[in-house]
Amino acid sequence: MTISPFSDDSVPLRLLRERAFNLRWAQLPKGVIPLTAADPDFPACPAVREQLARYAGEGVFSYGPPEGLPRFREAVSDWMCATRHMECTPGMVFATDSAASAMAVVARASLKPGDEALIPTPVDFLLHHTITRAGATAVRVPVTREMTAEEFIAGLEAARTPRTRMLWLCSPHNPLGVVYSREWLRAVAEWTVEHDLRILSDEIWSDIVYFPHHHTALASLSRKVAERTVTVYGFSKNFALAGLRIGCVICTDPQWRETIVAAADAESTVFGTSVLSQVAVIAALRDGAAWLADFVAHLTTQRDYAVERLSRWPGVTVPPPQGTYVLFPCISSLDEDAERFCRRLRDQARVALVPGLPRWFGEGAGGHVRLCFATSRGILQEAFDRMEPVVMGMMADQPAKPTSLGKTDLA
Ligand SMILES: Cc1ncc(COP(=O)(O)O)c(C=O)c1O
């Protein structure tokens with residue numbers, strides 16, 4: 001009998017407690033369930049594990065080429081052409097040591113102190129972080145789940161100044177879970193063409209999209225849009241490779257790409273991407289598509305389960321995300337202070353969530369919490385079984401009864 005790679009038994013709790021950092025199992029007190037950083041609780045697909053073992057077993061670890069192994073660049077470009085109808089050649093792909101570092105290098109190559117880049121808010125903190133680290137200014141433009149392109153463009157127009165150089169987008173959007181439609185993206189892209197702005201399109205979540213929604217790669221809209229766009233892509237979310245720190249930049253414009261490669265300082269070998277991490281990605285893209293489809297099928301049922309459980313919390317509703325594996329409900333009916341709410345859940349229910357603080361998501365996230373559901377059904381159910389009495393106790397303004405420890409291996 002084969003065990004599903006996404007069952008309770010497939011979650012390697014002992015190893016996660018040793019290895020899963022970034023607000024997760026290895027960093028929190030034993031017994032706390034982390035629904036925090038968006039990093040799956042499952043091991044990587046068999047193809048990745050086999051190829052890493054084979055390559056490591058051969059024992060040759062020479063320097064790789066600065067822009068990435070030819071087979072890595074080919075695997076990414078084939079994947080982009082096949083799954084996104086994006087015109088992408090290996091020469092456009094530049095390997096980086098994570099999507100975060102791809103964003104940082106694009107910021108360093110494309111912005112200088114005094115320049116401004118428009119970003120949606122709320123959004124993952126990395127957009128703001130990497131722009132400001134490059135010495136430029138990130139200007140926040142409000143976005144909501146329901147916002148039309150016209151409304152968003154009105155916000156962009158109000159925020160645009162003579163110093164505006166770029167627009168940074170994130171689709172599927174973390175934490176709102178929106179997958180922007182082709183029409184929405186086209187309208188926004190046309191606005192950037194009109195104002196001669198460049199675009200960074202963070203598409204790290206683009207493989208985690210739920211039926212009937214469909215990811216549109218910004219660079220697939222037209223040649224004109226592709227020329228002013230860099231796509232940031234990664235392998236932490238889709239293939240569970242966060243610790244291998246591997247991602248890439250896809251850039252059509254050869255001159256811009258040269259600037260990005262120079263800013264990365266990979267030619268000098270001061271920086272560069274581990275060949276082992278690239279080998280893992282080649283295996284994932286060549287032989288991991290079926291595993292990824294099963295993962296998304298598992299996530300679909302997890303998403304629906306989590307949305308249903310959340311709807312039992314008084315005054316809390318959240319639409320099912322169209323993409324990503326995070327939920328971002330407004331919990332202000334329970335507590336105006338999301339940080340206090342999360343502290344209470346961590347202490348009383350022993351479940352950790354991410355509070356909607358400006359530090360994580362910018363303005364517009366107040367009163368919200370983010371919950372990651374990329375775990376097994378048993379763990380997610382245990383987390384909700386623990387949180388529910390605490391939340392109900394809050395409504396009754398009573399201290400919650402001590403939570404049951406539930407499954408012994410989670411205690
Ligand atoms: C929207 C977004 N961009 C970029 C990243 C960074 O990914 P990586 O692990 O490849 O640095 C994340 C990870 O949470 C993310 O959610």
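Which atom of Ala100 lies 3.0 Å from an oxygen atom of the ligand? It is a backbone N or O atom of Ala100 that lies at this distance from the ligand oxygen. The structure discussed here is a predicted model, and every distance and angle below was computed from that model.

## Overall architecture

The protein chain contains 14 helices and 12 strands. Along its principal axes, the C-alpha trace spans about 65 × 55 × 40 Å.

The radius of gyration of the protein chain is 21 Å, which agrees with the value near 22 Å that a compact globule of 411 residues would have.

## The ligand site

The ligand is surrounded by 14 residues, and the closest are Ala99, Asn174, Asp202, Ser236 and Lys237. By class, this shell is made up of 7 nonpolar, 3 polar and 4 charged residues. Helix α4, which covers residues 99–110, gives the most to the shell, with 3 residues. The space that the ligand takes is the largest pocket.

A backbone N or O atom of Ala99 lies 2.8 Å from a ligand oxygen, and the corresponding distance for a backbone N or O atom of Ala100 is 3.0 Å. From Asn174, by contrast, it is a polar side-chain atom that lies 2.8 Å from an oxygen atom of the ligand. On its own the ligand has 400 Å² of accessible area, and the protein covers 91% of it.

## Backbone geometry beside the contact residues

Asn174 also takes part in a cis peptide bond, which joins this residue to Pro175 with omega of about 20 degrees. Pro175 itself is located in the loop between β5 (164–170) and α7 (182–194).

Pro212 is found in the loop between β6 (198–202) and α8 (223–227).

Notes
Residues numbered from 1 in each chain as written. Predicted model: local features only at pLDDT ≥ 70, side-chain atom pairs only at ≥ 80, totals over all residues. Heavy atoms only, no water. Near = heavy atom within 4 Å. Polar contact = N/O pair within 3.5 Å; in protein donor to acceptor, adjacent residues only side chain to side chain. Areas by Shrake-Rupley, 256 points an atom, 1.4 Å probe, with all protein chains shown as cover. 1 Å grid on protein atoms, 1.4 Å probe; cavity = no way out; pocket = protein on both sides within 12 Å on 5 of 7 lines; lining within 4 Å. Sits in = over half its atoms within 2 Å of the grid points. Helix = DSSP H or I, 4+ residues; strand = E, 2+ residues; numbered from the N terminus. Nonpolar A, V, L, I, M, F, W, Y, C, P; charged D, E, K, R; others polar. Rg over C-alpha atoms; globule rule 2.2 N^0.38 Å.
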